[in-house]
Amino acid sequence: MAIDPVIYFDGMSSRRRAAALVFADMLEIDAGDGAATRWAYADIRRADSPSGTLRVSCLTAPPLARLEIRDAAVAAELTSRCLGIDENYPSRRGVATIVGWSVAAAVSIIGVVFFGVPLAADRLAPLVPESFERRLGDVAERQVKLLFGDKVCSNPAGQQAFAKLVNALREPAGLDPSVQSAVLSTPIPNAFALPGGKVFLFDGLLAKAQNPDEIAGVLAHELGHLKHRDNMRGLIYNGGTSFLIGLLFGDITGSSALIFASRTLVTASHSREAEANADSFAINVMQRLGRSPKPMGELLFRVTGKEGGGLSILSGHPLTEDRLARMSREDQPAKGPPLLTPEEWQALKLICVTGSKV
Ligand SMILES: [Zn+2]
């Protein structure tokens, strides 16, 4: 009896490849391209499949990587070794997964056509219509609020000060008034931008800031990501294709693909080049306002020390020390008025304190 070949999708391209399996201390998948791919048994999970086929994914592999096994004996052998295979199942079952898979394959083909995914991301990002980008941002925002418990800080005086600061930055940044921004109450010292013009600042970063210019620099950096549409690029690049599919078919809440994708968004580590460009943008915006970019570097240094930790505004970013050095070189005496009065700055610091009087 002939044994049906095992089919392997590496999750990066749409190619289906015949593979040989070796049941060693890890599962070894040899798809004939030299080095075997190794999956830990504990990380292997069952994925949707037609009856008579075992299809599995791996938690540590690209999200769309799949292995298809039709041979019952091989399937039984694998299942017996993978103790966690049915964890999260059947919640992962869903139309979006199947539809996502095929459309993701199509998107991958585009990636291959354009000589590799990063280049494709650069070419595709400008093609994504703005209306779609906004919708993407809306969905990501809902996910963010789910993750952080919808704790938008709403102290009125603080909100006024925050709006004043964002508006002051928005104009020299060349962004229209549709930019939305909010401070979220969470102790994580972070800030990030979402597609469609949304900037979020975490209270944890505000708590560590000593003056408005420090926060202004960080916000200007995030506006730079918006301006350059880096998060769209990142989304396409980071395999957020399944996210796009979920949106296209309206299957949004409860889709594991989406949670994966918004995690990608929130913890997005943009490429170093994108980060350096956002820093340049921030330096430029601060200088146009007659303010120094150096305080931003000082804030990042205070938060992370030399290395730059695992926070999203910091990960993938150039080393904090280098950024501080760069911003110090661009230091200049203030020529423009302070961006906030001392009272407004105090109000902003207390934006997450409800009922406080300033
Ligand atoms: Zn950044």
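This is a predicted model: local features need pLDDT of at least 70, side-chain atom pairs count only at pLDDT 80 or more; totals for chains, interfaces and linings use all residues.
The chain has 14 helices and 10 strands. Of its 358 residues, 50% are buried. Among contacts with a separation of 6 or more, 64% are between residues 24 or more positions apart.

**Sheet**

- Seven strands form an open sheet in the order E4-E3-E2-E1-E7-E6-E5, with antiparallel pairing.
- The edges are strand E4 (37-39) and strand E5 (44-47); each has a single partner strand, so one side of each has no neighbour in the sheet.
- From one strand to the next, the twist averages 35°.
- Strands of a sheet pair through backbone hydrogen bonds, in either a parallel or an antiparallel sense.
- Strand E1 (residues 6-9) pairs with strand E7 (residues 66-69) in the antiparallel sense over 3 bridges. Ile 7 has Glu 68 in E7 as its bridge partner.
- Helix H1 (residues 72-81) packs on the sheet and touches strand E2 (17-23), strand E3 (27-30), E5, strand E6 (54-58) and E7. The direction of H1 makes about 55° with that of E2.
- E1 and E2 run antiparallel and are joined by 3 bridges. Val 6 has Ala 19 in E2 as its bridge partner.
- E2 and E3 also run antiparallel, joined by 4 bridges. A hairpin of 3 residues connects E2 to E3, and Phe 23 has Leu 27 in E3 as its bridge partner.

**Nonpolar cores**

- In soluble globular proteins, nonpolar side chains tend to be buried together.
- The largest nonpolar core has 41 residues. Those with the most contacts inside it are Leu 165, Leu 169, Leu 201, Ile 215, Leu 219, Leu 223 and Leu 348.
- At least two residues of this core come from each of H5, strand E9 (191-194), strand E10 (198-202), helix H6 (203-208), H7, helix H11 (272-288), helix H12 (294-304) and H14.
- H7 supplies the largest share of this core, 7 residues.
- Beyond its neighbours within four places in sequence, Leu 223 is in contact with Leu 169, Arg 170, Ala 173, Leu 175, Val 179, Val 199 and Phe 281.
- Another core, of 22 residues, lies apart from the largest one. Leu 27, Ala 31, Trp 39 and Val 56 are among its residues.

- Glu 214 is located in helix H7 (residues 212-228).
- The relative accessibility of Glu 214 is 1%, so this residue counts as buried, the cut-off being under 20%.
- The side chain of Glu 214 makes a polar contact of 2.7 Å with the side chain of Arg 302.
- Neighbours within four places in sequence aside, the contacts of Glu 214 are Lys 208, Ala 209, Pro 295, Met 296, Glu 298, Leu 299 and Arg 302.
- Two of these contacts of Glu 214, Pro 295 and Met 296, are buried in H12.
- Other buried residues in H12 include Gly 297, Leu 299, Leu 300, Val 303 and Thr 304.
- The cover over the buried residues of H12 includes H6, H7, H11 and helix H13 (320-329).

**Cysteines**

- The structure holds 1 disulfide, formed by Cys 153 and Cys 352 with their sulfur atoms 1.9 Å apart.
- The disulfide is right-handed because the torsion about the S-S bond of Cys 153 and Cys 352 is about 85°.
- This pair links distant parts of the chain, 199 residues apart. Cys 153 sits in the loop between helix H4 (130-148) and helix H5 (156-173), and Cys 352 in the segment after helix H14 (342-349).
- Cys 153 and Cys 352 are both buried.
- Cys 58 has its closest cysteine sulfur in Cys 82, at 9.0 Å, which is too far for a bond; the cut-off for a disulfide is within 2.5 Å.
- For Cys 82, the closest cysteine sulfur is in turn that of Cys 58.
- Cys 58 is buried, with a relative accessible area of 5%, and Cys 82 is buried, with a relative accessible area of 2%.

Notes
Residues are numbered from 1 along each chain as its sequence is written. Side-chain values use heavy atoms; hydrogens and water are left out. Buried means under 20% relative accessible area, exposed over 50%, partly exposed in between (1.4 Å probe, protein chains only). A polar contact is a pair of N or O atoms within 3.5 Å; within protein, one must be able to donate a hydrogen and the other to accept it, and residues adjacent in sequence count only if both atoms are side-chain atoms. Contact means heavy atoms within 4.5 Å. Two strands pair if DSSP finds at least two bridges between them. Axes are lines fitted to C-alpha atoms, for helices over the stretch in contact, and angles run from 0 to 180 degrees between N-to-C directions. A nonpolar core is a set of buried Ala, Val, Leu, Ile, Met, Phe, Trp, Tyr and Cys residues joined through side-chain atoms within 4.5 Å.
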